[in-house]
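Take a look at the structure before reading on.

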Amino acid sequence: MLMNATRSKVERGRGVIEHYREYLPVCESTPIVSLGEGDTPFIYSSRLSKRIGRGCDVFVKNEGANPTCSFKDRGMTLAVSKAMERGASALICASTGNTSASAAAYAARAGISCVVVLPAGKIASGKLLQAFAYGAKIVAIHGNFDDALRIVCELGERGDFIVVNSINPDRIAGQKTAAFEIVDALGDAPDFHLLPLGNAGNITAYWTGYREYQSRQRTCPERQSNGSTKLPAMIGFQAAGAAPIFHDRIIEKPETIASAIRIGNPASWKQARVAIAESAGAVDIVSDEEIVAAQIWLARHEGILVEPASAAAIAGFFKCCDSKEAAYSFKEIPEGSRIVCTVTGHGLKDPDVIMQRMGKVGPVAARVNDVRRAIGL
Ligand code: F0G
């Protein structure tokens, strides 16, 4: 009994590579660089479920609960482990913030150096702080994420660095474990999966994960209790001012308050299109106002604080429920459907957006009566 309890404690937080080893390109000699990523909260939301009605169940997959507070850690553990296997001594990435925070942390864990190339003035303060604290070399450029990625790819080709953006297939392979966790939690795949779209690596990873888990389970007896009988429709949301996939054209000057998805030319554009087409899903846009409203709604109604890019999935959910213009309407959705919304990053990474709304909290005298008055009693 004691042994079991001890073992389960050790196994919690062992990381996605140990958990899903048979689905990942690792072998006995791969040095595993992990911070205990994955196994993130999968939260049933009665309020979002009620919003659709029709006996539907809505779940929020909270990826902000990863070690560096975003979904990037799932891919980074594998990308950095494989880089170490290949004898790398330095990593490099372009980023809107979260990839750089994650790369910097895993590089520190591995004992190698990390360079992050970022669009100057466009990185949320919490993410920049993370990259600095983990010891990365930070280079800010006069340009956007798309420019940064172009430069990083060129530097990667010269062989000095391993690029750990999602163009690195190990990143996608690690990130697909989020789909595995969802199928394991539900006992099947959901009917719909909603998520924000930026560089389009995550939608590519989820779709790979859902497809692979379904086909492998059929041939893998020990996993059959969790067999997925279906695949979800993948529905991705871009910010209205940074929506190249929705408009089907490169956006030269993407703009949105959701700085993590301020991207005009996504690297995995083609793969995202395939995921949406094969899954009979959709791509849609949400405005900055809708994003901020959804962020506040989720914090105040479910106690889940996410960054603006993540709130795009929730804003998108509301659009599917309420708007006639939605690319995918939930009005006639089959009864009892199961919907998963992935929220990708923690709200504390980007405090500025919320601080602006907060105003000043002026102090009152340290007396019960003054505090009562301040409360409004
Ligand atoms: N949500 C957050 C919080 C992100 O940081 C990102 C991407 C996305 C959603 C979009 O995911 O790119 O896989 O479609 N952030 C990258 C970065 C670009 O550099 O941190 P995607």
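How much space lies in the largest cavity?

## The largest cavity

About 310 Å³ lies there. The model is predicted. Its count comes to two cavities of 30 Å³ or more.

The largest cavity is lined by 27 residues, and Phe71, Lys72, Gly198, Asn199 and Ala260 are the closest to its centre. The largest share comes from α10, with three residues. By class, the lining has eleven nonpolar, 13 polar and three charged residues.

## The ligand

What takes up the largest cavity? The ligand does. The elements that give two or more residues to the shell around the ligand are α5 (98–110) and α10 (201–219).

The shell holds 20 residues, and Asn98, Asn199, Ala200, Asn202 and Thr344 come nearest to the ligand. Eight of the shell residues are nonpolar, ten are polar and two are charged.

For a polar backbone atom of alanine 200, the distance is 2.7 Å. On its own, the ligand has 470 Å² of accessible area, and the protein covers 98% of that.

## The second cavity

The second largest cavity has a volume of about 30 Å³. Thr96, Pro119, Lys122, Phe145, Ser259 and Arg262 line this cavity. Two of its lining residues are nonpolar, two polar and two charged.

How values were computed. Residues numbered from 1 in each chain as written. Predicted model: local features only at pLDDT ≥ 70, side-chain atom pairs only at ≥ 80, totals over all residues. Heavy atoms only, no water. Near = heavy atom within 4 Å. Polar contact = N/O pair within 3.5 Å; in protein donor to acceptor, adjacent residues only side chain to side chain. Areas by Shrake-Rupley, 256 points an atom, 1.4 Å probe, with all protein chains shown as cover. 1 Å grid on protein atoms, 1.4 Å probe; cavity = no way out; pocket = protein on both sides within 12 Å on 5 of 7 lines; lining within 4 Å. Sits in = over half its atoms within 2 Å of the grid points. Helix = DSSP H or I, 4+ residues; strand = E, 2+ residues; numbered from the N terminus. Nonpolar A, V, L, I, M, F, W, Y, C, P; charged D, E, K, R; others polar. Points joined across faces, edges and corners; volume = space filled by probe spheres on them.
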